[in-house]
Amino acid sequence: MSGIPESIELTATIVNKEDDMATALINDNTGDELTSAEFTVTPGTKFTITGHSRTGSNWHVYMQKKFSNNEWYNVRQINSANPMVTLEDGGTFRLFKPAGVVCLVDRD
């Protein structure tokens with residue numbers, strides 16, 4: 001015997017590439033006020049949101065969280081200076097884009 005095992009057990013995780021694709025939360029060319037659909041983040045799960053201007057100008061959207069009273073509150077701003085946010089806290093969120101802003105915001 002040479003000390004080499006007769007067999008090795010391998011475990012693999014198969015990732016569906018479609019699950020890795022970005023999904024648009026806000027995709028606006030009109031500049032109208034817009035609220036995204038709600039999305040839920042499970043505690044401990046990383047959830048990245050990234051945005052950019054469609055016109056080259058400054059832009060901003062507000063991340064809102066639903067609190068226990070079922071009201072939505074602004075908890076963060078995503079904008080041209082800070083275009084990426086990674087969430088790890090759980091909760092139900094949505095994005096609000098005020099009128100006059102033209103942008104695309106994706107989640108990964």
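These exercises concern a predicted model of one chain.

Residues are numbered from 1 along the chain as its sequence is written. In this predicted model local features need pLDDT of at least 70, side-chain atom pairs count only at pLDDT 80 or more, and totals for chains, interfaces and linings use all residues, while side-chain values use heavy atoms, leaving out hydrogens and water.

**Exercise 1.** State the secondary structure content of the chain.

*Solution.* Take helices (H or I, at least four residues) and strands (E, at least two) as DSSP runs, numbered from the N terminus. The count is zero helices and nine strands. Along the sequence this reads β-β-β-β-β-β-β-β-β.

**Exercise 2.** Give the strand order of the open sheet of four strands, then describe the pairing of S4 and S9.

*Solution.* Two strands pair if DSSP finds at least two bridges between them. The order is S1-S9-S4-S7, with antiparallel pairing. S1 and S7 are the edge strands, each pairing on one side only. S4 and S9 are joined in the antiparallel sense over five bridges. For His52, the bridge partner in S9 is Leu104.

**Exercise 3.** Identify which residues touch the most other members of the largest nonpolar core, and list the contacts of Leu87.

*Solution.* A nonpolar core is a set of buried (under 20% relative accessible area, 1.4 Å probe, protein chains only) Ala, Val, Leu, Ile, Met, Phe, Trp, Tyr and Cys residues joined through side-chain atoms within 4.5 Å. The largest has 17 residues, and Phe39, Ile49, Met63, Ile78, Leu87, Leu95 and Val105 touch the most other members. Strands supplying at least two residues each include S1, S4 and S9. Contact means heavy atoms within 4.5 Å. Beyond its neighbours within four places in sequence, Leu87 contacts Phe39, Val41, Thr45, Lys46, Phe47, Ile49, Met63, Arg76 and Phe93.

Key:
Buried means under 20% relative accessible area, exposed over 50%, partly exposed in between (1.4 Å probe, protein chains only).
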